[in-house]
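I opened the model today to look up its fold and a few single residues. My entries follow in the order in which I made them.

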Amino acid sequence: MKFLRRPKSRSELPREPVEYPSGICVKTERGAYLINKDGKRYRIPTQAILDSWNFPFVVDSSEAAVSEYPVAVLKIGLS
């Protein structure tokens with residue numbers, strides 16, 4: 001895994017797995033995810049929920065970059 005490096009443009013998104021710090025929000029072509037300390041990514045289902053969490057920044061990424069983080073079954077932000 002490579003370490004996080006901010007891409008300069010959408011065309012420079014990582015094409016191989018990246019090691020993201022836990023608690024970070026990443027946005028891929030399939031949606032936004034929270035990378036949790038359990039090593040899984042939790043889908044953030046709506047833009048309203050993403051906005052309400054008020055992340056200091058959201059990292060543009062790719063599915064290839066987060067491929068080593070399995071998607072958790074539980075959904076966050078929905079009651």
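Entry 1, overall layout. I read the elements from the N terminus on as β-β-β-β-β-α-β. That gives the chain 1 helix and 6 strands; helices (H or I, at least four residues) and strands (E, at least two) are DSSP runs, numbered from the N terminus. I note that this is a predicted model, in which local features need pLDDT of at least 70, side-chain atom pairs count only at pLDDT 80 or more, and totals for chains, interfaces and linings use all residues. Residues are numbered from 1 along each chain as its sequence is written, and side-chain values use heavy atoms, with hydrogens and water left out.

I looked up the strand order and found an open sheet of 4 strands, 5-4-3-6, with mixed pairing. Strand 5 (41-44) and strand 6 (59-60) are the edge strands, each pairing on one side only. Two strands count as paired if DSSP finds at least two bridges between them. In general, strands of a sheet pair through backbone hydrogen bonds, either parallel or antiparallel.

Strand 3 (residues 25-28) pairs with strand 4 (residues 31-35) in the antiparallel sense over 4 bridges. A hairpin of 2 residues joins strand 3 to strand 4. I then checked strand 6, which pairs with strand 3 in the parallel sense over 2 bridges.

Which residues stand opposite lysine 27 in strand 4 and in strand 6? I found alanine 32 as its bridge partner in strand 4, and aspartate 60 opposite lysine 27 in strand 6. Valine 26 stands opposite tyrosine 33 in strand 4.

Tryptophan 53 belongs to helix 1 (residues 47-53). Is tryptophan 53 buried, partly exposed or exposed? Tryptophan 53 is partly exposed, because its relative accessible area is 38%; buried means under 20%, exposed over 50%, partly exposed in between (1.4 Å probe, protein chains only).

Asparagine 54 lies in the loop between helix 1 and strand 6. Asparagine 54 is not a glycine, yet has a positive phi of about 50°. With a relative accessible area of 63%, asparagine 54 is exposed.

Among contacts (heavy atoms within 4.5 Å) between residues at least 6 apart in sequence, 55% join residues at least 24 apart.
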